[in-house]
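Dear colleague,

I am passing on a structure that you have not worked with before, and I would be grateful if you could look through it. My notes on what was found follow directly below it.

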Amino acid sequence: MFHLTIAGPDTHVTSSLCAKCPHSPAGCCVAPPRFAWADIARVVTLGGRDFLLQAIADGQLRRAPHGLTLRRVKGRVTDAHGSPRIAKCVFHDGKAGCTVTAARRPATCNYYVCEDVFEEGKREGQEALVASAIRTHDALVENFVAWDAHLHTYVRTKYPEGAPYDAAFFDDLAGEFCNVSSVK
């Protein structure tokens, strides 16, 4: 089943195919995206500032030149005896998938699905929904790239010595995100 929830920067696409990913037992979570500046700001606007700060303190998120990176850990993705341990996103649980709500994930985790999901949706007779999801995805990518580019310049200009990655910085970033993305 293919499902599209349109909610501006918080749009997300889900599919039952993800739980039985044909590419990897951990799906896309084997290569988690970074939290770009726009992702950090979006999460903060949704009340996730303390989540980010705690995840940094716990070593789940690491400082990076253009935001934060998700730590990868080796773990089993199934209960099967002897199943291999693979490197995957620190927030991935083999049984439940992502343990973080959509409001706390990088946007890419919310709106990226592979071509197999689109093909499955077409086979299920959801051609119009698939076409809408593709258009929505493309628009979101375009917007996030623009928002992130703006925020990158903002951070580089306002914090020339480097981002402090503290509550005040995250709040400032979220405020600027609201100014450029029309999220209030």
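Helix H2 is followed by Gly59, whose phi is positive, near 80 degrees; please keep in mind throughout that this is a predicted model.

Within H2 itself, which spans residues 49-57, the buried residues are Leu52, Ala55 and Ile56. These three lie on the same side of H2, because they cover an arc of only 100 degrees around the axis.

The packing of H2 with H6 can be described in more detail. The axes of the two helices are 10 Å apart and meet at an angle of about 135 degrees, which means that H2 is oblique to H6; the crossing is right-handed. On the H2 side the contact is made by Arg49, Leu52, Leu53 and Ile56, while H6 contributes Ala167, Phe170 and Asp171.

Elsewhere in the chain, Glu115 belongs to helix H4, which covers residues 115-123. Glu115 counts as exposed because its relative accessibility is 51%, where the cut-off for exposed is over 50%. The C-alpha atom of Glu115 is separated by 16 Å from that of Cys29, and the two residues are 86 residues apart along the chain.

Definitions and conventions: Residues are numbered from 1 along each chain as its sequence is written. This is a predicted model: local features need pLDDT of at least 70, side-chain atom pairs count only at pLDDT 80 or more; totals for chains, interfaces and linings use all residues. Side-chain values use heavy atoms; hydrogens and water are left out. Helices (H or I, at least four residues) and strands (E, at least two) are DSSP runs, numbered from the N terminus. Buried means under 20% relative accessible area, exposed over 50%, partly exposed in between (1.4 Å probe, protein chains only). The arc is that of the directions from the helix axis to the C-beta atoms. Axes are lines fitted to C-alpha atoms, for helices over the stretch in contact, and angles run from 0 to 180 degrees between N-to-C directions. Angles under 35 degrees count as roughly parallel, over 145 as roughly antiparallel, 65 to 115 as roughly perpendicular and the rest as oblique. A crossing is left-handed if the near helix is turned anticlockwise from the far one by less than a right angle, and right-handed if clockwise. Contact means heavy atoms within 4.5 Å.
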